[in-house]
Amino acid sequence: MNNKNFVLGDTAVDFFHTHGFLVIENATPAEEVSKIRKVYDQLFSERAGRKEGNQYDLAGADEEDKPAVLPQIVNPISYAPELEDLVFRKNSAAIGKQLLGPDIEFQGEHAIMKPPEIGQAAPWHQDEAYWKGDLEYNSISVWLALQDTTIENGCMQFIPGSHNQEVLPHRTIGHNPRIHGLEVIAEDVDLSDAIACPVPAGGATIHHCRTLHYTGPNQTGDIRRAYIHTWASPYRKRNVARDFYWQKTRETARDERRRKAGTVSVSSGSTPK
Ligand code: NI
């Protein structure tokens with residue numbers, strides 16, 4: 001693999017456009033996986049970003065005295081500048097250019113951790129449901145596995161072809177307004193075609209912002225770590241804004257921390273996987 005010019009074959013590019021997802025076995029070398037893991041574990045253990053609402057629980061009520069069941073850090077690079085110079089960053093950009101075109105922009109990065117035994121599922125959703133109803137998106141997320149991922153510890157699963165749909169109605173997980181994470185309203189979706197995509201450490205899955213995806217609970221005794229980069233074509237304003245009403249009912253502990261800290265929103269938010 002030439003790390004400076006990560007090349008997807010034509011078959012892989014076609015597969016992505018047809019199915020809305022892709023699996024690659026070698027998104028970054030093993031030594032970089034170890035380096036990112038160290039930084040990653042440090043950031044979660046020191047609760048980086050917690051006070052300003054950039055670390056929070058995606059699948060629980062995010063109370064101070066309870067362990068998070070699906071903790072996320074938004075833009076971990078803000079807390080760990082050593083994440084700037086990564087082979088994975090170059091590779092995720094190269095992948096983005098091949099799938100979306102040369103004019104892509106970095107939309108953001110995040111880390112989603114599933115703790116051993118208690119790590120909860122990220123229910124079926126489309127990432128775009130977290131973003132802005134008045135913008136048109138064309139983006140991909142490259143989801144890097146920092147250890148082998150399996151169905152048992154919460155690898156990615158996808159509905160092939162679901163990226164061709166509009167954004168479907170969503171709600172907060174369990175319809176609980178205290179929870180940040182979203183779930184698609186299940187009666188609208190046929191999940192029987194789901195494909196689970198285990199990848200080895202250093203491998204990645206790639207999905208479009210409208211592809212329906214899911215990760216199961218972590219039923220193992222080890223942490224499941226995912227580090228995600230999102231690349232996007234330039235945004236444009238839609239002629240008719242969509243009403244993503246499910247975003248308006250949320251009132252989370254994270255929102256409260258953000259208000260207290262005066263945290264400014266990033267352009268399109270970030271999304272769970
Ligand atoms: Ni997601």
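I take a cavity to be a set of points, on a 1 Å grid over the protein atoms alone, where a 1.4 Å probe fits but cannot get out. Grid points are joined across faces, edges and corners, and a volume is the space filled by probe spheres set on the points.

**Entry 1: the model.** I note that this is a predicted model, in which local features need pLDDT of at least 70, side-chain atom pairs count only at pLDDT 80 or more, and totals for chains, interfaces and linings use all residues. Residues are numbered from 1 along each chain as its sequence is written, and side-chain values use heavy atoms, with hydrogens and water left out.

**Entry 2: the cavity.** I searched the whole structure and found one cavity of 30 Å³ or more. The largest cavity holds about 50 Å³ of space. I listed its lining, meaning residues with an atom within 4 Å of a point: Ile36, Val39, Tyr40, Leu43, Phe44, Ile73, Pro76, Leu83, Ala111 and Tyr227. Helix α2 (residues 30–45) supplies the largest share of this lining, five residues. Helices (H or I, at least four residues) and strands (E, at least two) are DSSP runs, numbered from the N terminus. I sorted the lining of the largest cavity by class and counted ten nonpolar, no polar and no charged residues. Here Ala, Val, Leu, Ile, Met, Phe, Trp, Tyr, Cys and Pro count as nonpolar, Asp, Glu, Lys and Arg as charged, and the others, Gly among them, as polar.

**Entry 3: a pocket.** A pocket is an open set of points with protein on both sides within 12 Å along at least five of seven lines. I looked up the second largest pocket, whose volume is about 220 Å³. It has 14 lining residues, of which Phe44, Arg47, Gln55, Ala68 and Pro71 are the closest to its centre. Strand β2 gives the most to this lining, three residues. The classes in the lining of the second largest pocket are seven nonpolar, one polar and six charged.

**Entry 4: the sheet.** I traced an open sheet of seven strands in the order β1-β12-β7-β14-β4-β3-β2, with antiparallel pairing. Its edge strands, each pairing on one side only, are β1 (21–24) and β2 (55–57). Two strands pair if DSSP finds at least two bridges between them.

**Entry 5: strand β7.** I followed β7 (residues 139–145) to β12 (residues 204–208), with which it pairs in the antiparallel sense over five bridges. Serine 141 stands opposite histidine 207 in β12. To strand β14 (residues 224–232), β7 is joined by seven bridges, again antiparallel. Isoleucine 140 has tryptophan 231 as its bridge partner in β14. Seven of the seven residues of β7 are buried, so the strand is largely enclosed by the rest of the structure. Buried means under 20% relative accessible area (1.4 Å probe, protein chains only). Ser139, Ser141, Trp143 and Ala145 point one way from β7, while Ile140, Val142 and Leu144 point the other way.

**Entry 6: phenylalanine 6.** I located phenylalanine 6 in the segment before α1 (10–19). Phenylalanine 6 counts as buried because its relative accessibility is 6%. Its C-alpha atom is separated by 34 Å from that of aspartate 190, which is 184 residues apart from it along the chain.

Conventions: Buried < 20%, exposed > 50% of the residue type's maximum accessible area, 1.4 Å probe, protein only.
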